[in-house]
Structures are given as structure tokens and as C-alpha cells.
Amino acid sequence: MIEVQHLNVHFGHNQVVHEVSFQVAPGETFGLVGESGSGKSTVLRTIAGLVPGWDGGLAVNGKTLGPKRDRAFFKSVQMVFQDPYGSLHPRQTVDRILAEPLAVHGIPDAETRITRALEEVALPRAARFRYPHQLSGGQRQRVAIARALIANPSVLLLDEPTSALDVSVQAEVLNLLADLREARQLTCILVSHNLAVIGHLCGRLAVMQGGRIVEIVSQAQLRDGTARHPHTRELIALSHELEG
Amino acid sequence: MTEAPLVEIRKLRVDFPNPAGFTQAVRGISFSLGREKLGIVGESGSGKSVTGRALMRLLPGSARVQAEALRFDGIDVLAASERQMRRLRGGRIGLIMQDPKYSLNPVMTVGRQIAEAWLAHNKGGKREAREAALSLLEQVRIRDPLRVLDSYPHEVSGGMGQRVMIAMMLAPNPDMLIADEPTSALDASVQAEILKLIEELVSARGMGLMLISHDLPLVSRFCDRVVVMYAGQVMEELPARDLHRARHAYTRGLLDCMPSLSVPRPRLPTLNRDPAWLEPKR
Amino acid sequence: MAVVTRAWLLSDTPASRAQARWGRRYQLWLAFRRNPLAVAGLAIVLVMLALALAAPLLATHDPGVQSLADRLQPPSAAHWMGTDELGRDTWSRMLYGGRVTLGMVVAVVVLVAPLGLIVGCVAGYVGGITDKLLMRVTDVFLAFPRLILALAFVAAMKPGVESAIIAIALTAWPPYARLARAETLTIRNTDYVAAVQMTGASPWRIICRHVAPMCLPSLTVRVTLDMSSIILTAAGLGFLGLGAQPPIPEWGTMIASARRFILEQWWVPVIPGLAIFAASLAFNLLGDGLRDVLDPKQR
């Protein structure tokens with residue numbers, strides 16, 4: 001479904017991603033975990049087409065991706081950003097934000113689709129004509145998820161979708177993502193610094209450090225401690241320690 | 001009780017004006033703090049940061065602060081003069097904030113900033129201040145203090161920046177540290193190091209620590225006592241080591257809804273916010 | 001009824017697009033209203049515009065009719081603001097002059113603001129060679145002192161209101177382009193623009209519907225603050241004889257032709273001077289108030 005081969009990303013003269021390769025099967029949720037500066041978000045944004053200056057092989061749905069993405073790509077691949085405060089246009093109502101993808105793709109019947117999208121992410125009808133600053137962090141992230149899903153994509157890229165949220169809200173959003181993934185058979189890539197969050201949603205995950213993938217492990221390996229790379233072990237130990 | 005506590009808060013209320021009247025940020029909370037480590041935990045909007053700021057009188061002028069008692073070492077914070085408060089802030093109470101990127105002056109070297117903090121509350125010349133800054137950087141366990149002394153904030157990493165912040169706050173030899181989400185902007189590995197550093201420095205110098213955070217397990221590892229806040233009220237106060245025996249449904253809910261690496265669950269339990277938690281207590 | 005509308009506007013849960021939009025506007029108005037100086041500025045601007053628009057109804061005389069017997073009269077019941085050196089009624093000329101002066105300002109703004117906005121947004125959003133090209137052109141215009149470029153332009157064309165408008169517009173747009181570009185550079189890198197890019201929208205659509213609206217508030221503030229300097233430039237051109245041509249009444253031209261009488265019949269040049277002063281001040285106050293309300297960096 002998603003294929004990444006020998007991906008290199010440069011910011012000017014600075015190479016931030018080195019030779020990253022992985023595959024994601026249809027319906028799978030793949031995790032990218034690492035500390036800040038490990039390049040995990042850059043990999044995701046490169047797949048999304050938001051980063052210029054990369055080389056290597058990228059393919060989604062069997063279609064090889066070039067530097068420019070067409071509209072069909074954006075219909076099938078969508079993204080949820082980390083900061084729910086920054087990812088919603090501050091001067092647009094929820095209604096307008098949700099209407100935009102529909103207008104771009106020429107999808108008819110905006111009225112019912114918007115109502116249904118709000119229901120799907122369990123937002124009250126009253127939220128429809130509010131501005132982002134009138135919503136809580138969790139509600140904003142729900143709006144962002146609704147926007148990502150409104151044009152029926154098959155791939156969802158999640159960039160730290162819960163790290164700006166309170167833990168109780170994080171639980172709600174993680175449950176929501178799990179439900180939607182199930183209901184819509186989504187293929188997902190989840191980026192997070194929180195190993196527990198990744199372990200909760202992902203079957204397989206890549207551990208990144210300094211722009212490289214150091215190890216790809218399965219959920220089971222994560223749990224029974226058979227990960228080999230020292231950095232992976234370090235992250236696992238930290239995560240256990242913080243759980244207390 | 002043999003001696004008066006360092007901090008005494010009784011029935012503290014803080015209201016912020018909004019177009020329709022007032023928003024109650026803190027609704028009558030009481031607790032005291034000796035030379036110990038107290039964690040204040042709550043989600044966003046619980047009033048935890050506002051409480052710390054009220055104690056340093058750092059809230060905007062429009063905020064309405066009322067309390068039966070709001071005292072630091074016997075000084076009535078609500079009645080103190082602005083001069084007294086200036087001596088308290090930075091002098092006897094140090095404040096460490098979330099992101100060192102925004103709390104350090106970007107156009108001044110780290111060494112000068114620490115030296116200035118030291119000079120503001122100590123007598124001495126420039127050279128002594130520099131010496132003091134160097135020794136402080138050593139105390140916060142920066143490996144190459146001489147190099148860091150002459151670097152600018154943007155040249156140091158986030159964890160290092162937070163160490164510098166701590167060194168700055170320690171310069172006047174305060175009696176108490178307020179750390180408001182000191183590690184939320186940092187990686188998990190750095191997070192633990194910084195908190196351990198704060199804990200050790202506080203214990204070694206016999207200071208009081210108020211650690212404000214949203215992360216309940218993290219706080220409980222580094223504090224003696226934990227105060228759990230929700231919607232401007234204290235839900236529960238308990239010794240940190242008894243966290244797993246917490247009785248209040250909110251505390252339990254917070255602990256329970258975190259995904260765990262060791263105990264996988266297909267669905268996370270969510271917090272049912274009981275409207276009764278919002279009722280004014282007593 | 002008033003209470004019902006207020007509640008409708010301030011509702012936390014608007015039920016329609018229109019209600020949400022008007023609610024936001026009402027909030028801005030409430031914030032604006034708290035600044036008495038800004039409200040005063042707005043009031044003066046509105047009164048001046050109203051007077052200029054209603055000039056034919058309010059004028060007591062024909063502004064063009066000369067009466068040499070009544071020249072340089074002090075204010076009286078017949079001539080509220082006196083008469084000028086050709087015996088024309090100053091009050092009537094002030095009203096019609098307002099039409100010309102304020103009309104020039106409005107025309108300049110209508111030309112300049114969209115041009116600056118588009119150039120700045122496109123340069124900032126597209127970047128690369130487009131950006132370099134557009135910004136160098138902007139620099140060229142920016143390098144000339146405003147009045148000198150306007151002078152040269154008007155001198156090359158035939159002096160008149162239209163050429164004055166075009167001349168001022170030519171020199172006024174670069175700062176707006178710069179401002180819009182600076183804003184766009186920060187907006188371009190936000191997640192909400194990335195999110196719109198992810199919908200597959202065309203760059204043009206993103207600029208028009210998502211980037212430009214975010215630049216509007218600071219641009220509005222800047223334009224309002226610049227109104228006074230536009231008025232002064234227009235008046236300056238008029239004063240130098242390169243703007244509105246006699247007998248058309250225009251405040252700057254009126255001062256120019258009456259400056260000889262400043263010692264003996266001081267009110268003749270002072271009255272249009274006061275009008276220019278009041279209009280500039282009012283726009284400045286209004287701009288300051290708008291900045292407090294609209295500029296996101298102030299929040």
C-alpha cells in the first residue's frame with residue numbers, strides 16, 4: 001500500500017533523513033517512533049508531499065510518487081497534524097474548514113456530508129458554526145480528523161495526533177482513531193515520541209534516531225522485550241519507567 | 001507542627017474577567033508546603049498554573065485574586081508591596097517555565113544571564129559573578145560549563161537550555177522553586193534527567209518544590225506529596241507513593257486512561273467526568 | 001429586541017454561517033468600541049464622508065460662481081466660512097473639495113490595496129524566482145521618494161485628478177506588497193496551510209481563500225494609517241499645481257491659491273488646512289484603534 005525506499009531528505013545542505021525504507025500493507029497501522037530531531041515527522045511530511053528536496057522511491061497504492069502530487073493523491077492520502085491549535089484556520093468556522101476539501105474535489109451534497117462527518121467524530125451539531133478558538137483542544141483535533149476523512153481517503157498520516165492533548169482526551173482520540181480505522185479500513189502511519197501510544201495502535205513500528213531507522217519491530221517484540229537495538233531498548237525502558 | 005510552613009494557601013480563588021462576567025479559574029483551594037516536594041497535577045484548565053502564578057503575583061492585573069491566606073514564609077502575598085514581591089520573585093522563589101526557548105534572552109550569552117541573576121541578589125563584582133555562574137553550571141551538571149558559559153541560548157539544546165534556566169533560578173539561592181511543566185517540551189530521556197536534577201538540587205539545598213504538571217505518574221516519581229486538581233478545585237491530596245491507592249474517581253481515571261506498553265488493551269477506558277466533581281466543596 | 005439581537009450575536013453556538021460571521025464582527029466591534037479615541041476617529045471620518053456625499057444638498061452656493069465684489073470675506077451669515085480671492089463661497093468649496101480630496105484617497109486605496117495584497121501574497125507563497133522578480137520590481141518603486149516619483153509622473157502626463165491618483169497609487173503600493181509578503185511567509189509555513197495543501201487545492205485558491213484573508217487585518221490597519229499620508233500627498237500635488245486643476249475645488253489646491261493671504265485674511269488658507277489636518281488625524285486614530293482590534297500579534 002505504502003512503499004518507502006531509500007528515502008533521503010535534505011534541508012539545504014543538511015541531510016535530515018538517511019536511507020529510510022519501509023512498507024505498509026493495506027489496513028495496517030505502522031508506527032514511527034523517535035525523539036525530537038530523529039526525522040520521523042519529516043518522513044511523514046515527505047510522504048504527504050509537504051517537503052521538497054527528497055530523493056528515493058515513494059509509492060502509494062502502487063503509484064510511484066513524483067515531486068508534485070496530483071489531486072487524486074490528495075483524495076486518497078490525508079494527514080492529521082500535531083498541534084490542533086495551529087492546524088485549523090483561525091478565521092474559518094468548522095463548517096467552512098470541512099467544506100473546503102469537498103469544494104476542491106467537487107464532491108456534491110456538502111450539507112449531509114458535513115453533518116455526517118461531525119457525527120462520526122462525535123462532535124455536537126452546535127460545534128459546526130464555531131471558530132476554532134471557541135473549541136477545546138480535543139474538539140479541535142476531532143475537527144482535524146473529520147476534515148482528513150471527509151473526502152474518503154484510504155491512507156491516513158498521523159503526526160503526533162495526541163501529544164498536545166490531555167491524557168483523558170488522548171484516550172478518547174485514540175479510541176476514535178481505532179474505531180474509524182476499523183470502520184473505514186484505513187491504512188495509517190502514526191508518528192509519535194510516545195512509545196506507549198505507538199504500541200497501543202500499531203502492529204509494527206520503526207524506531208528512528210538521527211534521521212535513520214535503527215530497527216523495525218513488531219508490537220509483540222516491543223512487549224516481550226526482544227528488540228535488539230540499544231536505542232529501542234532504551235526507549236522501551238524509559239516508557240516502562242514512566243508508567244511506574 | 002513545630003514551624004510554620006513555607007507556603008500556606010487557604011481558600012484561594014482566582015477569577016478572570018470575560019465578556020459575560022467572570023471565569024473562575026481557581027475555586028477555593030487550600031494546601032500548604034514545607035521544605036518538601038509537592039506535585040500539583042491536573043489537566044489543562046484545572047487552574048494548576050494559575051495557582052503557582054498567584055503565589056508569585058504574576059497574574060495579569062485584570063485577574064481577581066482572593067484568599068483567606070496566601071502566605072510565603074509568613075509574608076502576606078496579597079498585601080505585600082511591589083518591592084517586597086520583587087525580592088520574593090527570583091530572589092526567594094525561583095520559577096522554571098515550560099520552554100527555555102522563550103524564557104531565555106536570545107541575544108545575551110548564557111553566562112551573562114546567570115551572572116545577572118546572581119548579581120541581582122548578591123553583592124560582588126563581575127568576576128565573582130562569572131565564577132558563580134560557572135559553579136552553578138557545574139551544579140546543574142553541564143559537562144562543558146566553560147563552553148556553555150559563552151554560548152547563546154540558540155546554540156544549546158532544549159535539555160541544556162532547561163539546565164541553564166535552573167542554574168539561573170538557583171543563582172540567588174532561593175527557598176523555593178516553582179517548576180511549571182518544566183519538561184513538557186523535552187524528550188522523554190531528557191525529561192527524567194532534568195526532573196532528577198531538580199529533585200536532587202531541591203533535596204540537597206533543603207528547598208521547597210512545587211512541581212506543576214499534567215503528567216501524574218511522572219510527578220509522583222519525583223515528589224513527596226501530590227495534589228490533584230480539576231476545574232479549579234483540589235480533588236485529592238495524597239502521598240506520592242500511595243498514588244496507586246488513590247481513591248478519587250478522577251485520579252483513578254487519569255491513571256487508567258493512559259496507554260500502557262506492558263498491559264495492552266484494545267480500547268482505552270475514558271474518563272467519565274462526574275458533574276459532582278464540579279460542585280463547590282464544603 | 002435589542003437584547004435578543006445581542007444574545008444572538010454573542011451566542012457561543014451559532015446556528016448558521018451568517019450568525020457565526022456576524023457574531024465575530026460584533027465581538028470586534030465591542031473591542032473597538034472600548035477605545036474612545038478610535039471611535040472619535042471613526043466618527044470624524046464618517047461625518048466627513050457624509051458631508052462630502054451630501055455636498056449638493058448642503059452647499060449654500062455654487063462652488064464655481066465668482067463674485068469679485070465679495071472677495072476675501074470673513075465668515076458671516078451669508079458665507080459661513082467666508083469667501084476666497086475670487087469671491088467664491090468657502091463652505092461650498094470645502095464640501096465639494098472634500099469630494100475630490102476624499103475621492104482621490106478612496107480611489108488610491110481601491111487601486112493600491114488589492115495590488116499590494118496580490119503581489120505580496122503571490123511573491124511570498126510561490127517563492128523562488130517569482131518572489132525575487134516581484135520583490136525587485138517593488139524595490140525599484142520603493143527606491144524613489146514618493147512625492148518625487150509622483151511629481152515626475154504627473155509632469156510627464158497632463159496634470160489633473162486622474163494622473164494624481166495614478167501617480168500616488170504607483171508610489172503607494174510597494175509597502176503593502178512588502179507587508180503582505182512578510183505575513184505570507186509566516187502563514188505559508190503554518191499547519192493550517194499545509195492542511196489545505198493536503199486537500200489538493202490549487203496555489204491560486206490557497207492564496208485567495210486562505211492566505212490573503214489572514215493578511216487583510218494588518219493590511220487594513222496599514223492602509224488606514226497611510227490614508228493621512230495619501231491625503232497629504234494629494235494635497236501636496238494640488239498645492240504644487242500638479243493635482244486637481246482650478247477651478248475644481250480641492251483642499252490642497254485651495255491652500256495653494258490662498259497662501260498669499262495668510263497674514264491678512266488668514267482664515268482663507270487655514271480652513272482647508274484644518275480639514276486636511278482633521279481628516280489625517282481621524283484616519284490615524286481609526287488606524288490605531290483597528291490595529292488593537294485586528295492585528296493578531298497584539299492578541
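Below are some worked exercises on the three-chain structure above.

The model is a predicted one, so local features need pLDDT of at least 70 and side-chain atom pairs count only at pLDDT 80 or more, while totals for chains, interfaces and linings use all residues. Residues are numbered from 1 along each chain as its sequence is written, chains are lettered from A and ligands numbered from 1 in the order in which they are written, and side-chain values use heavy atoms, with hydrogens and water left out.

**Exercise 1. Size up chain A: what are its helix and strand counts, and how does its radius of gyration sit against the globule rule?**

Step 1. Start with the elements: chain A has nine helices and 10 strands. Helices (H or I, at least four residues) and strands (E, at least two) are DSSP runs, numbered from the N terminus.

Step 2. Now the radius of gyration, which is taken over C-alpha atoms; the globule rule is 2.2 Å times the number of residues to the power 0.38. For 244 residues the rule gives 18 Å, and chain A has 18 Å, so chain A is as compact as a globular protein of that length.

Step 3. Along the principal axes, the C-alpha atoms of chain A fill a box of roughly 50 × 45 × 30 Å.

Step 4. Check the inside: 59% of the 244 residues in chain A are buried. Buried means under 20% relative accessible area, exposed over 50%, and partly exposed in between (1.4 Å probe, protein chains only).

Step 5. Of the contacts in chain A with a separation of 6 or more, 67% come from residues 24 or more positions apart. A contact here means heavy atoms within 4.5 Å.

**Exercise 2. Work out which chains touch, and describe the contact between chains A and B.**

Step 1. Two pairs of chains are in contact, and of these chains A and C share the most contacts. Chains B and C do not touch, with their nearest C-alpha atoms 9 Å apart.

Step 2. For the A–B contact, count residues: 26 come from chain A and 27 from chain B.

Step 3. Then take the area: about 2500 Å² is buried between chain A and chain B, and carbon and sulfur atoms give 56% of that. Buried area is the accessible area (1.4 Å probe) that two parts lose on being put together, summed over both.

Step 4. On the chain A side, Asp166(A), Val167(A) and Leu242(A) supply 23% of the area that chain A buries against chain B, more than any other three residues.

**Exercise 3. Find the buried face of helix H7 (residues 146-156) of chain C, and say what covers it.**

Step 1. Pick out the buried residues: Leu149(C), Ala150(C) and Val154(C).

Step 2. Seen down the axis of H7(C), the buried residues fall within an arc of 130 degrees, so they line one face of the helix. The arc is that of the directions from the helix axis to the C-beta atoms.

Step 3. Turn to the other side of H7(C), where Ala155(C) and Ala156(C) are exposed.

Step 4. The cover over the buried residues includes helix H6 (128-143), helix H8 (161-188) and helix H10 (203-239) of chain C.
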